[in-house]
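Please read it with the coordinates open.

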Amino acid sequence: MKRISTIFGLIVILSMLIAACQPAATPAVEDTTAPAEEAPAETVAAEEPAAEVVYDRAETLYVSGAAWGPASSWNPFMTWVHANTTGTVGLLYETMFQFDPQTGELTPFLAESGTWTDATTFDVVLRDGITWSDGEPMTAADVVFTFELAHQYAAIWFAPVWNYLTSVTAVDDTHIQFLFTDPLYQEWSNNLINIPIVPEHIWSAFSEEEITAGANENPIGSGAYLYETGADDRNVWLRNENWWGTTLMGWVPGPRRIVDIRTASNNIALGMILKGELDLSNNFLPGIATLEDLGYVQTYFNDAPYMLAANTAVLFLNTTKPPMDDPAFRRALAFAIDVDTIVNSAYAGLVAPASPTGLLPSLGQYVDQAVVDELGYTYDPEQARQILADAGYVDVNGDGFVEAPDGSEIALEVTCPSGWTDWMAAIDVIATSAQAAGINIVAATPDYGSWNTALTTATFDMTLNNWANLSNTPWTLYNLLFRHPLQEVMGSGNFGMYDSQEMFDLVDALARIPTDDLAGMQAACSDIQRLMLTDLPMIPLWYNGLWAQYSDSTWTGWPSEDAEATHTLPSTWAGYWQLGGLNTLINLQPVPVE
Amino acid sequence: MKKTNEFIYFAFRNKKVLVGLTIIVVFLLVGLFGPLIIKNDPFAYLNPMGAQAPSSEYLFGTTFFGQDVFAQFVLGLRATFLVGVIGGGLATFIGILVGFTAGYRGGLVDEVLNILTNIVLVIPGMAVLLIIAAYLQVRSLWTECIFIGLTTWPWVARAVRAQTFSLRTRDFVDLARLSGMKSTKIIFTEIAPNMMSYLVMSFILEFGGAILTAATLDFIGLGPTNTLSLGLMMQYSVLWGALQLGFWWWFIPPGLAITAIVGAFYTMNVGLDEVFNPKLREL
Amino acid sequence: MFRYFRRKILIYLLTFLIAVTIDWLIPRFMPGNPVDNMLARAQLNANGLEIMRGYYTSAFGLDVPVWQQYLNFWVALFHGDLGISVYLFPQPVAEVIGRAIPYDIALLLPAILISWFAGNKFGAFAARSKWLDNTVSPIAYILTATPYMWLGILLAWVFGIVLDIFPIAGAYSFSMAPSWSWAFVGSLISHWFLPFLSLFLVQFGGWAIGMRNMIIYELEADYSHYLEALGAPRGLVRKYAFRNAILPQLTGLALQLGVIVAGALVTEVVFSYPGIGYLILAAIQNQDYFLIQGCFLFIIIGVLLANFAIDIVYVIVDPRTRRGMTGESA
């Protein structure tokens, strides 16, 4: 018995060691023999001496809530895998501009300045002295190369910029000139904070496949951190001591190392942050309100909703299916949904109800309050019943639910992906409150894949979606809500196939207004909002929070609403580094050891 | 039928059977009559305070959203018994059918059925269930029952086949065959009554097994999408941080109930074994 | 003996054939398109989307007729090629699974074997003494009736949260990089312990009860009474009973494998332990056909190999099979 258990002990330890010490991601190779059992014992001795077995707690920042899956790609153009290695754009590769959603300002980053010298010419001055992590200097040629890639390969997400961009030229090492035909100012300004610049001397050797879908395992970027290592449940980033931000601007991100943890479920992050094992959690954690009030964790606001708003949860209605094709029905539904219960029970006060326009508080200046007052909606089941009755929706068969004017029964489903716990609770409330108003809706939670297929092929009844991230322009949201032209598969917006040429024209008009023309943008937004609230093709419900709870057991300098604190976004999500996430890191200081 | 009475007599004198039966009946009664005592909607957000420990108002406390845990528990119990009866029943039925056919017919039929049984036995049923469940968009309790029934029968089939095999060559069966009885009639009038104990015990074990399988599926998030079960309660409690926030009243009752019910079935099974097998009685 | 093995191997081959076919079939005829799902969040323009879809569709081999996909599946299988993961694109499935397998071996092998040995020992003891039977047996009943995940939850709650002795997530500390050092080994073991314990305990209960009942059966069998009547020492009778009882327990082990594997899957989910169970859940949630198929295949192969190993042990332990007497019953 004893001998047996000794042998088992050895097997256990050895197999786990082998598992752990395998590289997390290696290039795709043909040879796929599993190395587990046959690893020879010699490798134990041959292994290089461990440099740092345990990371120094005082120099390490532990974060979670960003990575969706194990790291598999460091390609800055594959936006759909960024969620797994969230720092690919932001920590590794960088953009020309940053945007501060709190002040609404576009701030130069890689670029020193960017100006419209006339209506169709945009001049960028690149900072002098930026280097790639392999020591090569970044020049205007790299920027030109990056844009030319999108010219060459339609599979790169910003390729459509070439519909209105005619040329990109490097005037000298630090000057770049963009010439346009018919500039979409709104889209362009959004591109400036999202297009990552890649090094020409590395990427010019890549094939089309490598550029559009390659894993880019050994990334050479310009950013503040280097990808050190990873496993299926973590990414480890090491500070780039030669970062241009430090040498040119004096910015030093506090943590020498960032361990980005992928927790299988949010509750594990909750346990870790309570123990101080986690410094910043960007997970949605139920119960955080209580814990904040007790002082266990910090959040941006000291009171409800505690979190900054990140995006708007919108209930998309499939306008191709009856009765959702009837504006009166849609309007009645908007009055029938009890958003307050969603906010207070499903989220325990961690979110705030959304403006009927769907625009985030940070874009509040584009909301036309007069239009909202006239056409907006609030939870009012009586009003919902009234609208239904007026439009001919009455309960014919006495089952408590209304039938369509033509007498057919109405039985609808509201969906969200299975496992998205907060949304699952929210659609329960939607279904229950709609039922109370006489509309027969049940909640269903298919798996993400089937949900997604239904979403993009408009085979759902109604479903939640929030794919317009915090942005510098209201156009981003409208581009999601009223994406056009309509196609068989609507992959990235207008999932309910709302078909209104008038609306599409209005959104296109907004896209063409220069970003500094506030009055023009407001007028265009007002037109959009009037039509949107008249037709109600989708119903904005609440603002999903920029979930962030932090512990100051090891790091201080976290952002908060307090006047003396910093106000950057405390987020590690993909796409948020350039919206203040990086600045949050720069503001962090280690807690002095007593 | 004197034999049956004898069994019932011994069954009610067997401690294991009594204990098991009592536990099962208590839970069954709670499942059946619970809603008459507590009329709360299991899904309604009742308690504005959110999660609260058990109190006189909420017998088992409330969930993170302020839902009544006891109301959910009762609904979950019903689902659990349903899965046990339908899922376990179906598995037993298929198993008996295959077992009788294979054991009585013998020859090629037996060979084919035996291979089939062995194949289904070796393929991990849970893995198949996982895959099927994962691809079904809307899952109901009934589909769960059916899938469990369809994947867990081979165990019964093997046992029944072996028994039938040994009974087939007994004199009384030969006699029946000589007198021109039909095969089905022989199986049901001559063979089945002589292995009733086996069949009852098979059903009991399948009942418990089905409950555990369903709980596993539910916990992974592949359970019914339109109702509540004890496994789903456990899943929700874990997802909403009940462990970290110390809401023990949310995750203890469902697991405890499953353990108690399944444990009671197993105990009863051993007790019945002693009843049917007089040699074991003295212990 | 050869007849016995020939038959066994035939059944295993057939099982493998059918399992692989099911494995290939199920995902393909279910709704949903993995490529579309993957690109859903790409926010590409229509043109770019078409190009990427075409690229991925051919990369995953979905652009040929269905029958050819099936044949290709077999051909690739024999080359050890399980395709490319959708959700971890562009990593090969075999590699992803290869990373998870050692954790499963570390968890399952000791849990199964130790619980089997220990359970049988305790079961035999329990059958021997009234006192043990009244204390150990009820506990064993409770353990074997406990759903794996609930025991896992309880252990995680008590030891991970209330007492805070053991970590409850991951395979090793988040503050460590893998290395061949004692600190790292310690971290591995502390993360491994709770999932192992919950697997061990549930199975232990099952084997203990099984053994106890078997021994009692055997002690009441005619040969035991005969031996006793002949005046054989009690210990000898017990020994024979144990020998005979161990055979059904061995068969039981083979029968239980599927259930144990299922238990391991949920236990890994409870403890976020990065084995196949954890992987299969992620694969399902992300509709990763190829990863699901790969995981399923590995489970099948694992269970078949384990069954075969048990068959061999059975032949060694039971002399009757060697003489080809019981080829029928197993």
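How many helices and how many strands are there in chain C?

1. Chain C has 13 helices and 0 strands. Read from the N terminus, its elements run α-α-α-α-α-α-α-α-α-α-α-α-α. This, like everything below, refers to a predicted model. Of the 330 residues of chain C, 52% count as buried. Among contacts in chain C with a separation of 6 or more, 72% are accounted for by residues 24 or more positions apart.

2. One loop position in chain C can be looked at in detail. Gly83(C) lies in the loop between helix H4 (66-78) and helix H5 (93-128) of chain C. Is Gly83(C) buried or exposed? Gly83(C) has 21 other C-beta atoms within 10 Å; the cut-off for a buried residue is 20 or more, so Gly83(C) is buried. Leaving aside neighbours within four places in sequence, the contacts of Gly83(C) are with Phe60(C), Ala76(C), Val93(C) and Phe290(C). From Gly83(C) to Ala94(C) the C-alpha to C-alpha distance is 7.6 Å, with 11 residues of separation in sequence.

3. Chain A contains an open sheet of 6 strands, in the order E10-E11-E12-E1-E13-E20, with mixed pairing. Strand E10 (225-231) and strand E20 (549-550) of chain A each have a single partner strand and stand at the edges, so one side of each has no neighbour in the sheet. Inside this order, strand E1 (residues 60-64) and strand E13 (residues 280-281) of chain A run parallel and are joined by 2 bridges. In this pairing, Val63(A) is opposite Leu280(A) of E13(A).

4. Another pairing in chain A is antiparallel: strand E7 (residues 165-170) is joined to strand E8 (residues 175-180) of chain A by 5 bridges. E7(A) and E8(A) form a hairpin, and 4 residues lie between them. Ala170(A) stands opposite Ile176(A) of E8(A).

5. In chain B, the axes of helix H2 (residues 15-37) and helix H3 (residues 69-105) come within 8 Å and cross at roughly 130°. H2(B) and H3(B) are therefore oblique to each other, and the crossing is left-handed. H2(B) contributes Phe27(B), Leu28(B), Val30(B), Gly31(B), Gly34(B) and Pro35(B) to the contact, while H3(B) contributes Val74(B), Leu77(B), Arg78(B) and Phe81(B). By class, the residues of this contact of H2(B) with H3(B) are 7 nonpolar, 2 polar and 1 charged.

6. Helix H8 (residues 171-178) of chain B is hardly covered, since the count of buried residues among its 8 residues is 0. After H8(B) comes Gly180(B), which has a positive phi, near 85°.

7. Which chains meet, and with how many residues from each? The contact takes 18 residues from chain B and 22 residues from chain A. On the side of chain B that touches chain A, the elements giving two or more residues are helix H11 (230-239) and helix H12 (242-245) of chain B. H12(B) gives the most to that side, with 3 residues. The residues on the side of chain B that touches chain A divide into 11 nonpolar and 7 polar, with no charged ones.

Conventions. Residues are numbered from 1 along each chain as its sequence is written. Chains are lettered from A and ligands numbered from 1 in the order in which they are written. This is a predicted model: local features need pLDDT of at least 70, side-chain atom pairs count only at pLDDT 80 or more; totals for chains, interfaces and linings use all residues. Two strands pair if DSSP finds at least two bridges between them. A residue is buried if 20 or more other C-beta atoms lie within 10 Å of its own, exposed if 12 or fewer, and partly exposed in between; C-beta atoms are placed from the backbone. Two residues are in contact if their C-beta atoms, placed from the backbone, lie within 7 Å. Axes are lines fitted to C-alpha atoms, for helices over the stretch in contact, and angles run from 0 to 180 degrees between N-to-C directions. Angles under 35 degrees count as roughly parallel, over 145 as roughly antiparallel, 65 to 115 as roughly perpendicular and the rest as oblique. A crossing is left-handed if the near helix is turned anticlockwise from the far one by less than a right angle, and right-handed if clockwise. Ala, Val, Leu, Ile, Met, Phe, Trp, Tyr, Cys and Pro count as nonpolar, Asp, Glu, Lys and Arg as charged, and the others, Gly among them, as polar.
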